[in-house]
Amino acid sequence: MSVASTVAGLRPQEFRAIRDRLYGISGIDLQPGKEGLVQTRLAKRLRELGVPTFAGYLEYVEQDASGHELSHMVDLLTTNKTSFFRESHHFDLLRERVLPPLFTGADPIRIWSAGCSSGEEPYTISAIIDDVEQAAGKRDVKILATDLSSRVLTRARDAVYDEAMLEGLDRPTRQRMFEPFDGGPGRWRVRASLRARVSFARLNLMKEWPMKGRFQVIFCRNVMIYFDRPTQERLIQRFHGMLCDGGHLFIGHSESLTGMCHGFSYVAPAAYVK
Ligand SMILES: C[S@@+](CC[C@H](N)C(=O)[O-])C[C@H]1O[C@@H](n2cnc3c(N)ncnc32)[C@H](O)[C@@H]1O
(Lines give C-alpha, C1' and ligand atoms only; values in the text may rest on other atoms or scores of the structure.)
Protein backbone atom coordinates (compact mmCIF):
# COMPACT_ATOMS: atom_id res chain seq x y z
CA MET A 1 0.00 0.00 0.00
CA SER A 2 1.43 3.42 -0.92
CA VAL A 3 1.80 5.98 1.84
CA ALA A 4 -0.69 8.84 1.39
CA SER A 5 0.38 12.23 2.68
CA THR A 6 -3.01 13.76 2.03
CA VAL A 7 -6.46 12.44 2.66
CA ALA A 8 -9.43 13.22 0.42
CA GLY A 9 -12.42 14.97 2.02
CA LEU A 10 -15.15 12.91 3.67
CA ARG A 11 -17.98 12.30 1.21
CA PRO A 12 -21.62 12.11 2.37
CA GLN A 13 -21.92 8.37 1.63
CA GLU A 14 -18.68 7.72 3.54
CA PHE A 15 -20.01 9.69 6.52
CA ARG A 16 -23.22 7.62 6.44
CA ALA A 17 -21.28 4.35 6.26
CA ILE A 18 -19.05 5.32 9.21
CA ARG A 19 -22.10 6.53 11.14
CA ASP A 20 -23.95 3.24 10.56
CA ARG A 21 -20.93 1.16 11.54
CA LEU A 22 -20.40 3.15 14.74
CA TYR A 23 -24.10 3.00 15.63
CA GLY A 24 -24.24 -0.74 15.00
CA ILE A 25 -21.33 -1.47 17.30
CA SER A 26 -21.62 1.12 20.07
CA GLY A 27 -25.10 2.68 19.98
CA ILE A 28 -23.42 6.07 19.39
CA ASP A 29 -25.65 8.04 17.06
CA LEU A 30 -23.57 10.58 15.11
CA GLN A 31 -25.97 13.26 13.96
CA PRO A 32 -25.65 15.08 10.63
CA GLY A 33 -23.35 17.99 11.31
CA LYS A 34 -20.67 15.76 12.85
CA GLU A 35 -18.87 15.29 9.52
CA GLY A 36 -16.08 17.65 10.61
CA LEU A 37 -15.53 15.65 13.78
CA VAL A 38 -15.26 12.38 11.82
CA GLN A 39 -12.91 13.95 9.28
CA THR A 40 -10.62 15.44 11.95
CA ARG A 41 -10.50 12.40 14.19
CA LEU A 42 -9.93 9.79 11.50
CA ALA A 43 -7.69 11.68 9.03
CA LYS A 44 -4.54 11.14 11.11
CA ARG A 45 -5.22 7.40 11.22
CA LEU A 46 -5.71 7.29 7.44
CA ARG A 47 -2.38 9.05 6.98
CA GLU A 48 -0.65 6.62 9.38
CA LEU A 49 -2.02 3.71 7.35
CA GLY A 50 -1.30 5.36 4.01
CA VAL A 51 -4.96 5.15 2.98
CA PRO A 52 -5.98 8.20 0.88
CA THR A 53 -9.79 7.96 1.11
CA PHE A 54 -12.40 7.23 3.77
CA ALA A 55 -13.95 4.59 1.49
CA GLY A 56 -10.54 2.89 1.39
CA TYR A 57 -10.32 3.08 5.16
CA LEU A 58 -13.77 1.50 5.57
CA GLU A 59 -12.63 -1.35 3.34
CA TYR A 60 -9.51 -1.74 5.45
CA VAL A 61 -11.66 -1.85 8.62
CA GLU A 62 -13.91 -4.56 7.16
CA GLN A 63 -11.00 -6.65 5.91
CA ASP A 64 -9.33 -6.74 9.31
CA ALA A 65 -10.79 -10.02 10.59
CA SER A 66 -9.25 -9.44 14.05
CA GLY A 67 -11.61 -6.51 14.59
CA HIS A 68 -8.64 -4.49 15.82
CA GLU A 69 -9.08 -1.65 13.33
CA LEU A 70 -12.80 -1.42 14.01
CA SER A 71 -12.06 -1.01 17.74
CA HIS A 72 -9.46 1.59 16.84
CA MET A 73 -11.99 3.51 14.73
CA VAL A 74 -14.57 3.40 17.53
CA ASP A 75 -11.90 4.56 20.00
CA LEU A 76 -11.13 7.55 17.82
CA LEU A 77 -14.78 8.49 17.46
CA THR A 78 -15.83 8.30 21.11
CA THR A 79 -15.90 11.44 23.22
CA ASN A 80 -14.08 10.88 26.48
CA LYS A 81 -14.34 14.24 28.21
CA THR A 82 -14.43 13.82 31.97
CA SER A 83 -13.00 15.30 35.18
CA PHE A 84 -12.59 14.63 38.88
CA PHE A 85 -15.69 15.57 40.91
CA ARG A 86 -17.60 16.32 37.71
CA GLU A 87 -21.19 17.31 38.58
CA SER A 88 -20.07 17.35 42.20
CA HIS A 89 -23.52 17.40 43.76
CA HIS A 90 -23.77 13.67 42.91
CA PHE A 91 -20.78 12.99 45.12
CA ASP A 92 -22.29 14.99 48.00
CA LEU A 93 -25.43 12.88 47.65
CA LEU A 94 -23.34 9.71 47.58
CA ARG A 95 -21.43 10.71 50.72
CA GLU A 96 -24.35 12.05 52.72
CA ARG A 97 -27.40 10.01 51.73
CA VAL A 98 -26.59 6.97 49.63
CA LEU A 99 -23.58 5.38 51.32
CA PRO A 100 -24.32 5.81 55.06
CA PRO A 101 -27.26 3.33 55.11
CA LEU A 102 -25.22 0.87 53.01
CA PHE A 103 -22.40 1.09 55.56
CA THR A 104 -24.78 0.08 58.37
CA GLY A 105 -25.89 -3.05 56.46
CA ALA A 106 -24.00 -6.34 56.25
CA ASP A 107 -23.81 -6.73 52.47
CA PRO A 108 -20.67 -6.04 50.46
CA ILE A 109 -21.05 -2.75 48.61
CA ARG A 110 -20.77 -2.87 44.83
CA ILE A 111 -20.68 0.24 42.64
CA TRP A 112 -20.51 0.37 38.85
CA SER A 113 -19.11 3.30 36.86
CA ALA A 114 -20.39 2.50 33.36
CA GLY A 115 -18.61 4.57 30.71
CA CYS A 116 -15.81 5.51 33.11
CA SER A 117 -13.53 7.07 30.47
CA SER A 118 -10.00 7.73 31.81
CA GLY A 119 -10.87 6.95 35.43
CA GLU A 120 -11.67 10.31 37.00
CA GLU A 121 -15.23 9.25 37.90
CA PRO A 122 -14.41 5.91 39.65
CA TYR A 123 -11.43 7.43 41.47
CA THR A 124 -13.66 10.25 42.71
CA ILE A 125 -16.14 7.63 43.97
CA SER A 126 -13.25 5.85 45.68
CA ALA A 127 -12.24 9.10 47.43
CA ILE A 128 -15.82 9.47 48.70
CA ILE A 129 -15.71 5.91 50.06
CA ASP A 130 -12.59 6.91 52.00
CA ASP A 131 -14.49 9.86 53.51
CA VAL A 132 -17.34 7.64 54.62
CA GLU A 133 -14.99 4.97 55.96
CA GLN A 134 -13.34 7.54 58.20
CA ALA A 135 -16.61 7.99 60.05
CA ALA A 136 -18.21 4.58 59.65
CA GLY A 137 -15.25 2.18 59.59
CA LYS A 138 -13.83 -0.03 56.85
CA ARG A 139 -16.22 -2.04 54.70
CA ASP A 140 -15.99 -4.37 51.72
CA VAL A 141 -16.49 -1.88 48.89
CA LYS A 142 -15.59 -2.54 45.25
CA ILE A 143 -15.99 -0.31 42.24
CA LEU A 144 -16.28 -1.82 38.77
CA ALA A 145 -15.32 0.72 36.10
CA THR A 146 -16.03 -0.15 32.46
CA ASP A 147 -15.71 1.51 29.10
CA LEU A 148 -15.84 0.58 25.44
CA SER A 149 -12.56 2.31 24.63
CA SER A 150 -9.32 0.42 25.33
CA ARG A 151 -7.38 3.64 24.88
CA VAL A 152 -9.06 5.39 27.84
CA LEU A 153 -8.96 2.24 29.96
CA THR A 154 -5.16 2.12 29.64
CA ARG A 155 -5.00 5.67 30.94
CA ALA A 156 -7.48 4.85 33.70
CA ARG A 157 -5.44 1.86 34.89
CA ASP A 158 -2.23 3.95 34.87
CA ALA A 159 -4.02 6.52 37.05
CA VAL A 160 -1.45 9.19 36.15
CA TYR A 161 -2.79 12.67 35.45
CA ASP A 162 -1.31 16.00 34.41
CA GLU A 163 -1.46 18.94 36.75
CA ALA A 164 -4.15 20.49 34.50
CA MET A 165 -6.53 17.61 35.30
CA LEU A 166 -6.29 18.49 38.99
CA GLU A 167 -7.30 22.10 38.46
CA GLY A 168 -10.28 23.04 40.58
CA LEU A 169 -9.46 20.53 43.32
CA ASP A 170 -8.68 22.10 46.67
CA ARG A 171 -5.36 21.38 48.36
CA PRO A 172 -6.63 18.87 50.95
CA THR A 173 -8.42 16.88 48.22
CA ARG A 174 -5.27 16.84 46.07
CA GLN A 175 -3.20 15.62 48.98
CA ARG A 176 -5.70 12.97 49.93
CA MET A 177 -6.07 11.63 46.40
CA PHE A 178 -2.69 11.98 44.69
CA GLU A 179 1.02 11.46 45.09
CA PRO A 180 3.75 12.85 42.82
CA PHE A 181 4.54 10.58 39.89
CA ASP A 182 8.15 9.91 38.86
CA GLY A 183 7.45 10.10 35.15
CA GLY A 184 7.91 13.87 34.93
CA PRO A 185 7.14 17.20 36.53
CA GLY A 186 3.51 18.14 37.03
CA ARG A 187 2.39 14.50 36.90
CA TRP A 188 0.33 12.99 39.68
CA ARG A 189 -0.79 9.45 40.43
CA VAL A 190 -3.91 8.42 42.30
CA ARG A 191 -2.88 6.93 45.65
CA ALA A 192 -2.66 3.14 45.81
CA SER A 193 -5.33 2.89 48.51
CA LEU A 194 -7.84 4.60 46.19
CA ARG A 195 -6.80 2.53 43.19
CA ALA A 196 -7.08 -0.75 45.11
CA ARG A 197 -10.87 -0.85 45.24
CA VAL A 198 -11.37 -0.01 41.54
CA SER A 199 -11.16 -2.66 38.83
CA PHE A 200 -11.36 -1.75 35.16
CA ALA A 201 -12.76 -3.82 32.33
CA ARG A 202 -13.65 -3.28 28.70
CA LEU A 203 -17.39 -3.57 28.27
CA ASN A 204 -19.64 -2.50 25.44
CA LEU A 205 -22.95 -1.44 26.99
CA MET A 206 -24.73 -2.61 23.83
CA LYS A 207 -23.60 -6.22 24.34
CA GLU A 208 -24.13 -8.90 27.01
CA TRP A 209 -23.06 -7.93 30.54
CA PRO A 210 -21.13 -10.76 32.20
CA MET A 211 -21.50 -9.47 35.79
CA LYS A 212 -23.39 -11.89 38.02
CA GLY A 213 -24.22 -9.89 41.16
CA ARG A 214 -26.23 -6.72 41.47
CA PHE A 215 -25.03 -3.24 42.35
CA GLN A 216 -26.22 -0.81 45.01
CA VAL A 217 -25.12 2.16 42.92
CA ILE A 218 -24.65 2.69 39.18
CA PHE A 219 -23.11 5.77 37.62
CA CYS A 220 -23.72 6.12 33.88
CA ARG A 221 -23.16 9.79 33.25
CA ASN A 222 -22.63 11.59 29.97
CA VAL A 223 -22.70 8.33 28.03
CA MET A 224 -26.35 8.02 26.97
CA ILE A 225 -26.22 11.51 25.54
CA TYR A 226 -24.60 9.97 22.45
CA PHE A 227 -27.33 7.31 22.02
CA ASP A 228 -30.74 7.64 20.39
CA ARG A 229 -33.86 7.55 22.56
CA PRO A 230 -34.83 3.85 22.11
CA THR A 231 -31.23 2.82 22.93
CA GLN A 232 -31.27 5.03 26.04
CA GLU A 233 -34.56 3.54 27.21
CA ARG A 234 -33.33 -0.06 26.78
CA LEU A 235 -30.17 0.80 28.69
CA ILE A 236 -32.09 2.37 31.58
CA GLN A 237 -34.25 -0.75 31.84
CA ARG A 238 -31.15 -2.95 31.90
CA PHE A 239 -29.59 -0.80 34.64
CA HIS A 240 -32.82 -1.24 36.61
CA GLY A 241 -32.36 -5.00 36.38
CA MET A 242 -28.73 -4.72 37.58
CA LEU A 243 -29.57 -2.70 40.70
CA CYS A 244 -30.57 -4.05 44.13
CA ASP A 245 -33.91 -2.82 45.49
CA GLY A 246 -33.28 0.66 46.84
CA GLY A 247 -30.23 1.00 44.55
CA HIS A 248 -29.32 4.36 43.06
CA LEU A 249 -28.73 5.38 39.45
CA PHE A 250 -26.84 8.55 38.55
CA ILE A 251 -27.04 9.91 35.00
CA GLY A 252 -25.53 13.05 33.45
CA HIS A 253 -27.16 16.41 34.02
CA SER A 254 -27.98 16.86 30.38
CA GLU A 255 -29.59 13.41 30.25
CA SER A 256 -33.12 12.63 31.35
CA LEU A 257 -35.53 9.75 31.94
CA THR A 258 -38.53 11.90 31.04
CA GLY A 259 -40.97 10.11 28.77
CA MET A 260 -39.28 6.73 29.24
CA CYS A 261 -40.83 3.60 30.64
CA HIS A 262 -38.75 2.77 33.74
CA GLY A 263 -39.18 1.71 37.37
CA PHE A 264 -37.16 4.47 39.03
CA SER A 265 -38.24 7.24 41.42
CA TYR A 266 -36.68 10.68 41.26
CA VAL A 267 -34.29 11.59 44.10
CA ALA A 268 -32.47 14.74 42.96
CA PRO A 269 -31.41 16.18 39.59
CA ALA A 270 -30.07 13.27 37.51
CA ALA A 271 -30.30 10.87 40.49
CA TYR A 272 -32.86 8.06 40.78
CA VAL A 273 -33.68 5.19 43.14
CA LYS A 274 -35.07 1.74 42.29
C1 LIG B 1 -18.02 11.65 27.93
S2 LIG B 1 -17.39 10.18 28.62
C3 LIG B 1 -18.14 10.21 30.24
C4 LIG B 1 -17.18 9.84 31.35
C5 LIG B 1 -17.75 9.94 32.77
N6 LIG B 1 -18.85 9.02 32.95
C7 LIG B 1 -18.16 11.35 33.09
O8 LIG B 1 -19.36 11.64 33.18
O9 LIG B 1 -17.29 12.20 33.28
C10 LIG B 1 -18.34 8.94 27.76
C11 LIG B 1 -17.70 7.55 27.77
O12 LIG B 1 -18.66 6.59 27.32
C13 LIG B 1 -17.97 5.59 26.60
N14 LIG B 1 -18.92 4.86 25.74
C15 LIG B 1 -19.56 5.30 24.64
N16 LIG B 1 -20.31 4.33 24.10
C17 LIG B 1 -20.15 3.24 24.90
C18 LIG B 1 -20.66 1.91 24.86
N19 LIG B 1 -21.48 1.50 23.90
N20 LIG B 1 -20.27 1.07 25.84
C21 LIG B 1 -19.43 1.47 26.81
N22 LIG B 1 -18.91 2.71 26.90
C23 LIG B 1 -19.26 3.58 25.95
C24 LIG B 1 -16.92 6.37 25.81
O25 LIG B 1 -15.86 5.56 25.41
C26 LIG B 1 -16.52 7.46 26.82
O27 LIG B 1 -15.35 7.11 27.52
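Asn222 is buried, its relative accessible area being 13%, where buried denotes a value under 20%, exposed one over 50% and partly exposed anything in between (1.4 Å probe, protein chains only). Asn222 is placed in the loop between S7 and H10, the helices (H or I, at least four residues) and strands (E, at least two) being DSSP runs numbered from the N terminus. The phi angle of Asn222 is near 60°, a positive value in a residue other than glycine. Ala270, likewise not a glycine, has a positive phi of about 60° and lies in the loop between strand S9 (265-268) and strand S10 (271-273); Ala270 is buried, with a relative accessible area of 9%. Most residues other than glycine have a negative phi.

The model is predicted, with local features requiring pLDDT of at least 70 and side-chain atom pairs counted only at pLDDT 80 or more, whereas totals for chains, interfaces and linings use all residues. Residues are numbered from 1 along each chain as its sequence is written, and side-chain values use heavy atoms, with hydrogens and water left out.

The secondary structure of the protein comprises ten helices and ten strands. The radius of gyration, taken over C-alpha atoms, is to be compared with a globule rule of 2.2 Å times the number of residues to the power 0.38; the value for the protein is 20 Å, close to the 19 Å that this rule gives for 274 residues, so the protein is as compact as a globular protein of that length. Along its principal axes the C-alpha trace spans about 65 × 50 × 30 Å, and buried residues make up 47% of the 274 residues.

A nonpolar core is defined as a set of buried Ala, Val, Leu, Ile, Met, Phe, Trp, Tyr and Cys residues joined through side-chain atoms within 4.5 Å. The largest such core contains 47 residues, of which Trp112 and Phe239 touch the most other members. Elements that each supply at least two residues of this core include helix H1 (12-26), strand S1 (109-114), strand S7 (215-220) and helix H10 (229-242). Apart from this core lies another, of 37 residues, among them Val98, Ile111, Ala127 and Ile129. With contact meaning heavy atoms within 4.5 Å, and with neighbours within four places in sequence left aside, the residues in contact with Trp112 include Leu144, Trp209, Phe215 and Phe239.

Ser71, found in helix H4, counts as partly exposed at 26% relative accessibility. The C-alpha atoms of Ser71 and Arg86, 15 residues apart along the chain, are separated by 27 Å.
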